[in-house]
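Open the model in your viewer and keep the sequence panel beside it. At each stop, select what is named and then read what is there.

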Amino acid sequence: MAALEQRLDELGERVDALAGEPEEPEDAKAAGKRKPKADPKAKKKTGPGEKPEKPEKPGPATSPATHAAHDLGPPPAQAHGPVPWSYRGERGPDAWGGLDPSFGKCASGEAQSPIDILPQRARPPDVVFVYQATAGAVVDNGHTLQVDLERGSYAVVDGERFELVQFHVHTPSEHTIAGDVFPLEVHLVHQSQAGALAVVGVLFAEGEPSTALAPVWKSAPRSTGQRRLKSKFDPSTILPREQGAYRYDGSLTTPPCSEGVRWIVMRRTRTEDPTRIAGLRDRFGSNARPIQELGARELR
Ligand SMILES: [Zn+2]
């Protein structure tokens with residue numbers, strides 16, 4: 001009976017998760033663990049992954065260094081110059097591993113992302129978010145929209161501090177829950193002083209427009225390039241209120257697919273307006289890497 005009860009429990013949680021969670025009012029975001037905390041050190045520090053802002057670029061930016069977490073990963077890919085890749089065709093995910101020697105993990109890695117997540121009993125949050133509003137810019141790098149944020153927000157993962165560097169979107173979701181694909185996934189990319197990465201995934205279902213993401217769409221450049229956010233952005237608005245999460249060790253989901261990334265996929269989902277999601281999808285096409293095998297890894 002215990003097994004059955006647990007299964008029912010899991011299903012209940014899954015339904016809750018699939019139902020999404022209403023947006024929090026703006027004034028609620030300071031509550032709880034996400035309370036912003038001043039940290040003068042974080043503001044001035046120039047971390048190993050911190051880069052000067054990118055100049056406006058003509059044409060599609062296909063350099064791996066311009067997407068998502070790439071520029072935060074190990075540098076070998078950049079030494080080779082831009083290696084074009086895409087989500088379909090002959091430079092699509094099946095071919096990534098052979099496009100460049102530095103992309104080898106995309107084919108040979110055994111701890112790759114994304115994965116399908118089988119819902120399990122909720123666990124107490126073991127990640128503490130200390131986010132605050134900072135200035136930033138929305139970048140269209142040819143693969144996705146990415147928001148580069150100035151330092152000031154961080155997450156404490158396994159007792160270690162990871163600075164929030166940027167977040168970006170995938171349509172549809174890269175992670176799936178028991179096979180279910182969501183229309184949108186946001187990745188918040190964090191980096192430790194030692195250069196390790198921790199990425200937080202937040203899944204979005206179709207529903208009420210996201211007040212959290214509205215400023216991003218409003219400031220998005222019309223084509224490849226970047227535009228400053230009109231005002232400071234508080235990334236805590238993206239997180240679900242309930243901070244239970246799935247954890248596993250994985251990789252970047254784009255070339256060079258570097259491993260050693262600590263993945264934290266939030267159990268609760270949020271919602272975004274279907275029209276906005278369709279707009280993103282029209283602009284970038286499907287920019288989700290196919291599901292990878294969990295293999296010997298543990299999903300916590
Ligand atoms: Zn991503």
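Start with an open sheet of three strands, whose order is S1-S7-S8 and whose pairing is mixed. Its edge strands are S1 (116-117) and S8 (180-181), each of which pairs on one side only. Strands, like helices, are DSSP runs numbered from the N terminus: a strand is E over at least two residues, and a helix is H or I over at least four. Two strands pair if DSSP finds at least two bridges between them. The model is predicted: local features need pLDDT of at least 70, side-chain atom pairs count only at pLDDT 80 or more, and totals for chains, interfaces and linings use all residues. Residue numbers start from 1 along each chain, as its sequence is written.

Now select S1 together with S7 (residues 176-177). These strands run parallel and are joined by two bridges. Which residue in S7 is the bridge partner of Asp 116? The partner is Thr 176.

Next, look at two peptide bonds. Select Ser 113 and Pro 114: the bond joining them is cis, with omega about 0°. Pro 114 belongs to the loop between helix H5 (105-108) and S1. Then select Thr 171 and Pro 172, which are also joined by a cis peptide bond with omega about 0°. Here the proline, Pro 172, lies in the loop between strand S6 (160-170) and S7.

Move on to Asp 158, in the loop between strand S5 (154-157) and S6. Asp 158 is not a glycine, yet its phi is positive, at about 50°. Is Asp 158 buried or exposed? A residue is buried if 20 or more other C-beta atoms lie within 10 Å of its own, exposed if 12 or fewer, and partly exposed in between, with C-beta atoms placed from the backbone. Asp 158 has 10 other C-beta atoms within 10 Å, so it is exposed.

Cys 257 is the next selection, in the loop between strand S12 (245-251) and strand S13 (259-266). Its phi is positive too, near 60°, and Cys 257 is a residue other than glycine. Cys 257 counts as buried because it has 29 C-beta neighbours inside 10 Å.

Now select strand S10 (residues 197-206). Nine of its 10 residues are buried, so S10 is largely enclosed by the rest of the structure. In the hairpin of S9 and S10, four residues lie between the strands, and Gly 195 takes a positive phi near 95°.

S10 and S13 pair in the parallel sense over five bridges, and Val 200 stands opposite Ile 264 in S13. Strand S14 (residues 270-272) also pairs with S10 in the parallel sense, over three bridges. Phe 204 has Arg 270 as its bridge partner in S14.

Finally, show the whole protein. Its secondary structure comes to seven helices and 14 strands. Of its 300 residues, 45% count as buried. Two residues are in contact if their C-beta atoms, placed from the backbone, lie within 7 Å. Among contacts between residues at least 6 apart in sequence, 70% join residues at least 24 apart.
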